[in-house]
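Hello,

Here is the structure I promised to pass on to you. Please open it first, and then read my notes below alongside it.

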Amino acid sequence: MTTLSEIKADYLSKALSKPVAKYGVKMGNGRITSLSDAQGFWVEPCSIELIALVDKKYLKGDKVQEEVPIEPLNRPEGFQYGYDLYTFTTPGLKQDNLKVEVLERPLIGKAKVKFKSGQQFAVKSQLITDELYQSADGKYYTQAELPENSDEFCTQRYSNEIKAERNARILDTDDYVKLPDITVARSAGAKRSALEDADRTALETYRQALRNLPEAQGFPFVQWPKFPAALAYELQQKVNARSRMRGGF
């Protein structure tokens with residue numbers, strides 16, 4: 001039976017195997033995106049009209065023509081988390097070259113313009129100097145701050161995994177209940193044979209034990225119910241196939 005200490009060690013090992021890349025955009029609350037070993041951009045559409053100052057030399061026919069830093073005057077709360085904003089920072093964004101409404105036309109300096117709702121802006125990723133690792137929750141932490149150090153986090157995560165596998169094991173048995181003429185191979189290479197009444201009774205007992213599993217004392221750190229003898233070989237094959245897909249269970 002798997003123990004909490006074993007699960008914590010496994011989860012922590014997996015988290016520590018995912019150090020953050022060199023560059024990224026810190027989004028706050030432990031979130032980092034646009035991770036790469038080279039500097040790049042994180043792009044996000046602004047949900048409202050944005051009033052900004054743009055260097056006038058980049059305004060040509062009321063269009064922003066190239067990579068341009070802007071100075072937003074009404075930045076929505078939380079939008080791009082206070083980073084410097086750029087517009088049309090990659091060739092892939094140039095088809096989204098929205099017209100801007102020029103609100104002021106100074107002879108020199110910056111023009112005050114209005115971008116339409118939905119305009120895409122970007123921020124450059126920054127060099128990440130902290131030694132951070134990705135948790136199973138998708139966020140990034142120092143080793144000491146990883147949720148994988150917490151009994152509560154690991155227990156809840158493992159509980160979710162066990163419940164998902166419990167549901168899968170019930171599903172594994174559905175055909176044996178729904179198809180009265182189904183046959184089974186009781187061992188590798190064995191000739192298939194029909195289920196007997198005693199086999200079906202054992203199957204129902206097994207299914208009920210799976211349903212009751214979350215109420216078992218010590219859950220999720222509990223033993224799996226034993227397979228019905230007649231179905232043990234086939235059901236074990238199904239479990240093994242899932243384990244291989246998940247990289248081990």
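A word on terms before the strands: helices (H or I, at least four residues) and strands (E, at least two) are DSSP runs, numbered from the N terminus. Two strands pair if DSSP finds at least two bridges between them. This is a predicted model, in which local features need pLDDT of at least 70, side-chain atom pairs count only at pLDDT 80 or more, and totals for chains, interfaces and linings use all residues. Residues are numbered from 1 along each chain as its sequence is written, and side-chain values use heavy atoms, with hydrogens and water left out.

Let's start with the sheet. Strand β1 (residues 23-28) pairs with strand β2 (residues 31-36) in the antiparallel sense, over four bridges. Within this pairing, V25 stands opposite T33 in β2. The two strands make a hairpin with two residues between them, and N29 in the turn has a positive phi of about 55°.

β1 also pairs with β12, again in the antiparallel sense, over two bridges. Here G24 has Q126 of β12 as its bridge partner. Together this gives an open sheet of three strands in the order β2-β1-β12. Its edge strands are β2 and β12 (126-127), each of which pairs on one side only.

Next, the aromatic rings. Rings of Phe, Tyr and Trp (its six-membered ring) pair if their centres lie within 6.5 Å; planes under 30 degrees apart count as stacked, over 60 as edge-to-face and the rest as tilted. The whole structure holds five aromatic pairs. In one of them, the ring centres of F79 and F121 are 6.3 Å apart and the planes are at 80°, so this pair is edge-to-face. F79 lies in the loop between β7 (68-72) and β8 (85-87), while F121 belongs to strand β11 (residues 120-124), so the pair ties together parts that are 42 residues apart in sequence.

How buried are these two? Buried means under 20% relative accessible area, exposed over 50%, and partly exposed in between (1.4 Å probe, protein chains only). F79 is buried at 6%, and F121 is buried at 0%. F121 also meets F115: their ring centres are 5.1 Å apart with planes at 90°, so this pair is edge-to-face too. F79, F115 and F121 form one aromatic cluster.

Finally, two charges sit over rings (NZ of Lys or CZ of Arg within 6 Å of the ring centre and within 35 degrees of the ring normal). R157 lies over the face of Y11, 3.6 Å from the ring centre. R169 has its charged end over the ring of W224, at 3.9 Å from the centre.

Best wishes
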